[in-house]
Structures are given as structure tokens and as C-alpha cells.
Amino acid sequence: MARRVNSSVSVGLDDDVEDRQRTFPNMRSKTYTPLVFRMLMGINVRVLLVLLFVSLGVMFYLGARTSSIIVFVFTICLLSFLFSIYLARWVLKKDEGPPEMVQISDAIREGAEGFFRTQYGSISKMSVILAVVILVIYLFRHMTPQQESSGVGRTMSACITVVAFLLGAFCSGAAGYVGMWVSVRANVRVSSAARRSAREPLQIAVRAGGLSAIVVVGMAVLGVAVLYATFYVLLGVGLPGSMKVTDLPLLLVGYGFGASFVALFAQLGGGIYTKAADVGADLVGKVEQGIPEDDPRNPAVIADLVGDNVGDCAARGADLFESIAAEIISAMILGGTMAERCKLEDPTGFILFPLVVHSFDLVVSSLGVLSIRGTRDLSLKVSSEDPMAILQKGYSITIFLALIAFGVSTRWLLYTERAPLAWLNFALCGLVGIITAYTFFGITKYYTDYKHEPVRNLALSSSTGHGTNIIAGTSGLMDESGSATGGLFGTAVATMGMLSTAAYVLTMDMFGPIADNAGGIVEMSQQPESVREITDLLDAVGNTTKATTKGFAIGSAALASFLLFSAYMDEVASFARIPFNQVDIAIPEVFVGGLLGSMLIYVFSAWACAAVGRSAQEVVTEVRRQFIERPGIMDYTEKPDYGRCVAIVASASLREMIKPGALAVVSPIVIGFVFRVFGRVTGQPLLGPKVVASMLMFATVSGILMALFLNTAGGAWDNAKKFIETGALGGKGSDTHKAAVTGDTVGDPFKDTAGPSLHVLIKMLATITLVMAPVFL
């Protein structure tokens, strides 16, 4: 698309601007496009349209053969993708500002796309290797009685699981690419809009984030729905002698594992990248040289801005995709299990309920994004209306619509004549989940927004030095035996209620790094102070929304892990053909498994933070070297070597993500296999599964608490620094500010590397135990 430059602003560029243009040469060589897109672009447009319509026809044919509910889900997903195209066109029509802004944005885009290409190339190779391992395991694994009776042999089961795994991995990677693609194009448009008014950049950032969120959630829903419909038709589910529909969701666990695997490495690599660059830039630039955060003289500033895109946008897109996919699959498994125990005539509604909830999520979140509108006020003064209040108003609208949609969904799909009021009880479970999500939003905002006392007290503690800154921081349904059931599925419904506005929450999360990048572009292109004030305010709000999303993700991860844990116990019981409904931690070996689970969380967190520290040291050394060897950098007579810092951080982060990631993937498999062997020697046939279950329980509890601590503390430190930078307690450059920068430096790997990776870790542990359960028997 041709660049649009606002002529009213670009007219009158003086010698200083020309100097800045020489300072920031066009670092961009060529646009990066993934191989899949390049192949599609090489096809004739007419042929491509025919292929598109044929694909849609096949998809809707499979849906019609499966259930009218699947057709409804396909329709909503298709409409949501059309809406995302509208948002993309709307955002891309906005101008990119003067040439110096465009050149900086191009440099950020090149760095982000280069790292993404290398990182996801490494992840794809690891995914293929793991897919081969899964294939071999499944070719020699035990079979459940249900699988044997339905004629699904080892080869078919292995192929289904591997295909689901690879599709989940591919879609998770695509979700990350969408997040990065949007952010690197929206940042400069937000910067440009900040030169005209205070409200317009807010609307652009929200719609750009909404575009990414709608695509990510839509892909998660569509991927599960397509797999379900495909397996339903190919395996002849429901026909005499074939697999029952209640057993079908277990075939989808590979999809969740693939998504979790990619999300973990994306979050680790992106988190290490963004925080290593950020810490290195802050320690030398702010503290040692006394220059602003995004000053163009800092050689690490481009790497820092690139990190916002690969760490907060690409990684968060993969993260939320994985959260939604895992929650949908686990709820489908539990819905099928409950329907079978209650002998319901048509269990389809209980199984497909999660897909419908998230289809409505796409609708209500789209309306929430559209509720945030621009203004005709062209004043450059900071808006009298708080941006956080505007976002919260949009969230309130989304929550209200989600309540209505959730009630409609439960009455439509969960009504049964055997228990006429069961749907209402499930609706109340969903209400609890929705209220919990809103409560998470409020609590996180209180503890991370500098308008409230906790962060202000943290900022005040910085006035006494660096050390004190660190220190301060039942349904009514009955089963066939007549026992009440449905409580576990009610928990699943509560989880779905919590995630029923996931698209809008992800919108607010994407808003943060886009606003942060916009502020960096404004600072580097040396725009007037009034413009920087607007982007600083949006950046501070973005820190709060990012912290809110992380709290939301942790809460949903806790519930999703609990559901996956229950599904794991059911799966082990099916394979072992004996009951497996409790884990006794009084057994020494089982207790050891729990300790290993807790240790895994702390070792993983330590390795992730240490990885940031080692990478940041390389950045600090390089930035110091450039300031010493190129003294003209400080007076703009020499140019910093931005590319060198970008290359150092990219190389270090890719190297450092391997060890903690491998620990997370290998640990549960090794622990389960070792105790399986030990159990056979000592005459305890289910010792392997019991130890793994204990490890999973302890790791989930420890991981939730640790992630909450890391995310909240890191967000509070960051906004304490932002509060001082507004002019409070001495403002920028004061000793108080330098102490706050130290706190922020400690908090960076907490909130953007270890913390977000932990909630991905606990869900991946749950999905990997589901997929690898045969190894433990």
C-alpha cells in the first residue's frame, strides 16, 4: 500500500528534520511475507477465488453433515473475518506521518519480521521433531475399549493426533504472526494521529488491537470446529459400530498440545528479546547517560521497540490462542463425559457449547471495539477524558452483551427435559465466571495503575533509594446411579464465562505495545512535547491493560488446567480400565512428584529471568562500547549502530529460550516414565500416572501464585516509574527517577518474560500429560 503522508505536517521540514532523516536511514530492505502467503500470492486471482469458494463449500458441507450448531459456528467465524478485513482497511487508511516517522517504523518492522522469521523457523523444526516422537509413541501405545470397539486402530489414532498437533502448532504460529503484522503497521499511525488530537490515536490503537484479537479468537474457534467436523464425518461418528460422539473430543487434544508448545517458546523467546533490549537500553541510556527512554541516540532503542512487537504482540497472540483452544477442548471433553454418564439422548449441545460461547464472544467483542469512537476535537491537549475510563466503558458494554449471549447459549444448548432448570444453573456458573473476569480487571487496575495508592506508595519509596523501591514491591442432572452430577462441567461453564469476552480483553492487551511503540516513534522523531504527553498517557494505560490481561490469562489458565487435569484422570482410567479418581499425596512417591512440580515452576522462573539478565548484559556492553567509541552520538554528529543491538538481542534470545523450554517439555515425560518403571518394580501399576497427576496439581497451584506475583509486581514497578516521569517526586532525571528505573528493570523480566510464560507452562503441562498418558502406564 502506498504511504500516505500528511502534507499539512510535512510541509516546511527544516534542516533539523533533514538531519534526523540522515540519522535514521531507511533500514528496510524488503517486506517479509511467510512462505504460505507467498505461495498464495503467486496463484492467479481467479484460481484463488475458486479455491476459496471450494474450501468454504467443503467446510460448510462438513458442518451440515455434522450439526446445525457447527454451521452456526462456521457462519459467525466467517463474518468475524470479514469484520477484521474492515478493521484492517480502516487502520491502514490512516496516514503514517512525516518521513522520519516512517523510516523509524520501517526499521522496527524489519527487526520484528526478521526475528519472527528466525524464531518461528526454529520452533517449526522442533514441532516436526516432536510430531515424529508422538507418532512413534501412538503407534505402540495402549488402546481404550471405546477405541477398540469403534475400529479406530493405532495407526489411525496416531495420524489423527499428529495432524491435530501440527494444525494447532501452525495456527498458533499464524496467530502470533497476525499480532506482529498488525502492531508494526499500527504503531506509526498512532504516532501520526497523536499530532492531531488525543482521542484519535486511542481509537486507532483499539481497532488495530481488535483486528488482531478477532482473527486470533476466530482462528481458535474455527480450527477446533473444522477438526471436529472432519473427524465426525471421516470416522462415521454416531453410526452403528463406530465411535460415539462423546468420545470424539479426546481426539482433539493434540490440537491443544500443538498450540501450547508453540505458545511457550514464542512467549519465552519474545519475552527474553523484549526485556533484554529494554533493560539494556534503560540501564545505560537513562541511568548512565541521563537521556530519555526512547532517545534516538541510544543504540538499543530500535531493539527495544522491536521487542514490544515480538514479545507483547506476537507472543500474546499465540498465548491467547492457546488459552482459548485448551479451554474449548477440555470443556468439550467434560461435556461429553457428563452427557454419557447422564445417558442424555442428544449430547451434542453439551459438547459444542464452548464453540458457541466463543462464537458469541466474537460478536459482542466486535461491538465493544466499535463502541470506542473518535472525536472531532482537533486539540493537541491531553483529553480530559481518561483513556482507561474509555476502555473500561467499552469493556462494560462487552460484559453486558456477553451476559445476554451467555444466557441465550445455555438455554439453547444445555436445556434438557430430564432437568428443566439445569440450563439456568449452568447460566449462573457462567455468571460467576464473567463476574470473576471483571473482578480481575478491577483488582489488577488498582494495583498497577498509578492513579491508585499502591503504585503511588511504590513511587514514593523510590525517593529513599534503589533498595527500598525493590523491597516495596450442582446442576440438577443425575447420572445413571442416581448421584448428582454436573459440578465439574459447571466449573467448565464458569471458565467459558470468564473467557466469554476474550476477544475484547486481547484487544486491550494489544493496545499496550502499540501505544508503547507509538511513544517511541514520537520520541525518536523528536516531535513536540504535547504529542509525547499524549503517547505517554496512552503508554501508561497500556501498561495497566497488559497487566489486566495477564491476570485474566492466569485465572483462565487455572480453571482450564483444572479441567484438563480432570480429563487426564478420565483418560488414564480408560486406558488402564480401572477407576482412577483420586491421588493420595501421603504416598511418598506421589508426594515427591508434587515437590518436583513445584520445583519445576521455580527453576523455570529462575532460568527465564537469568536468560534476560545474560542477554541484557550483552546489550549493555554493546551500548557502552558505542557511546565510548562514537562520542559524536550524544551531539547527533555520529549515528548509533541500531542493527548491531538488534542482532545481538535476537541471537541471545533464541539461544536462551531453549533450556527453560526444553525443561518444561521433557520434565513431565521423564517423570512419568521413570515412576512407571519404578511402579512396575514395586508392584504399583498406576504409580506413573499418580506421580504425574501430583506433579501437575502442585505445579498448577505454585505456577498461579508465582505468575500473579510476578505480573502484578512488574506492572506496579513500571507504572511507578511512569508516575514519576509525569513530574511527580522530582520527575525525569532525579535520583528518585533513577531508583524507580532500577525497580522497573527488576520488574521487566518478571512481568514480560517469566510471568506470562508461567501460565502458558501450566496449560502445556496439562495438555502434554493428556497426549502422553500412554507413556505413563
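Reply: The span expected of a helix is 1.5 Å multiplied by one less than its number of residues. The model is predicted, and helix H21, residues 642–656, is the part to begin with. H21 has 15 residues, and the distance from its first C-alpha to its last is 21 Å, close to the 21 Å expected at 1.5 Å a residue. At the start of this helix, the backbone nitrogen of Gly643 has a side-chain oxygen of Asp641 within 3.4 Å. The buried residues of H21 are Tyr642, Cys645, Val646, Ile648, Val649, Ala650, Ala652, Ser653, Leu654 and Glu656.

Arg297 itself is placed in the loop between helix H10 (253–288) and helix H11 (301–341). Because its relative accessibility is 15%, Arg297 counts as buried, the cut-off being under 20%. A polar atom of the Arg297 side chain lies 3.0 Å from the backbone oxygen of Met634.

Helix H20, residues 588–629, packs with helix H24, residues 735–772, at an angle of about 145°, and their axes are 10 Å apart. The crossing of this pair is right-handed. From H20 the contact takes Leu600, Ile601, Phe604, Ser605, Ala608, Cys609 and Val612, while the residues from H24 include Pro749, Phe750, Thr753, Ala754 and Ser757. By class, the H20 contact with H24 has 13 nonpolar and three polar residues, with no charged ones.

A buried position elsewhere is Ala175, which is found in helix H8 (residues 154–193) and counts as buried because its relative accessibility is 0%. Leaving out residues up to four places away in sequence, Ala175 touches Val216, Met219, Gly317, Ala318 and Phe321. The C-alpha atoms of Ala175 and Val215 are separated by 7.5 Å, although these residues are 40 apart along the chain.

The backbone of Gln526 also deserves a comment. Most residues other than glycine have a negative phi. Gln526 is not a glycine, yet it has a positive phi of about 55°. Gln526 is placed in the loop between helix H18 (502–524) and helix H19 (529–576), and with a relative accessible area of 32% it is partly exposed.

Definitions and conventions: Residues numbered from 1 in each chain as written. Predicted model: local features only at pLDDT ≥ 70, side-chain atom pairs only at ≥ 80, totals over all residues. Heavy atoms only, no water. Axes fitted to C-alpha atoms, helices over the stretch in contact; angles between N-to-C directions. Helix = DSSP H or I, 4+ residues; strand = E, 2+ residues; numbered from the N terminus. Left-handed = near helix turned anticlockwise from the far one by under 90°. Contact = heavy atoms within 4.5 Å. Nonpolar A, V, L, I, M, F, W, Y, C, P; charged D, E, K, R; others polar. Buried < 20%, exposed > 50% of the residue type's maximum accessible area, 1.4 Å probe, protein only. Polar contact = N/O pair within 3.5 Å; in protein donor to acceptor, adjacent residues only side chain to side chain.
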